[in-house]
Amino acid sequence: MGTWDIGHFDSDTAADFSGDLDDAPQGERAELIREALSVVVGTQDYLDSDEAVVAVAAAALVAAQCPGGEPVTTAYGPDEPLPALPSELRGLAVQALDRVVTEPSELLELWSEGGHGEPWEEGIGRLRTVLMEAAG
């Protein structure tokens, strides 16, 4: 995993997802985000870190459009503007984040073993709070 910090886009995998969004036609970007979240929500067994990283990045993009959400300003986020995302993605994003921080999750293990689990989980918690409040 090429990761350089605990931010939601601070890995090669998340940056690649941003590039995929930029390359997609405007009308398909929301569906790419939905797909990234749905894959993780539907995972019953061991959750691969790459799928989890993409879901966290997708959740951050959904949260950025919510009241109180932080804009994605990192150079590793999408360069192209996203359309207004459907509000139902907020609940799906919460479910995806909940799955990412539930065993068995490779990403959770990697952050915990690396000694940065607590600040990483705090960042996930902030995203979750914004999404929950916006989802009503």
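This is a predicted model: local features need pLDDT of at least 70, side-chain atom pairs count only at pLDDT 80 or more; totals for chains, interfaces and linings use all residues.

Trainee: How many helices and strands does the protein chain have?

Mentor: Helices (H or I, at least four residues) and strands (E, at least two) are DSSP runs, numbered from the N terminus. The protein chain has six helices and zero strands.

Trainee: How is a pair of aromatic rings described?

Mentor: One gives the distance of the centres and the angle of the planes. Rings of Phe, Tyr and Trp (its six-membered ring) pair if their centres lie within 6.5 Å; planes under 30 degrees apart count as stacked, over 60 as edge-to-face and the rest as tilted. By this rule there are two aromatic pairs. Trp 4 and Tyr 76 make a tilted pair, at 4.7 Å centre to centre and 55° between the planes. Trp 4 lies in the segment before α1 (12-23) and Tyr 76 in the loop between α3 (49-64) and α4 (88-100), 72 residues apart.

Trainee: Which class does the pair of Trp 111 and Trp 120 belong to, and why?

Mentor: The ring centres of Trp 111 and Trp 120 are 6.1 Å apart and the planes are at 15°, so this pair is stacked.

Trainee: Are Trp 111 and Trp 120 buried or exposed?

Mentor: Buried means under 20% relative accessible area, exposed over 50%, and partly exposed in between (1.4 Å probe, protein chains only). Trp 111 and Trp 120 are both buried. Trp 4, at 40% relative accessibility, is partly exposed, and Tyr 76, at 38%, is partly exposed too.

Terms used: Residues are numbered from 1 along each chain as its sequence is written. Side-chain values use heavy atoms; hydrogens and water are left out.
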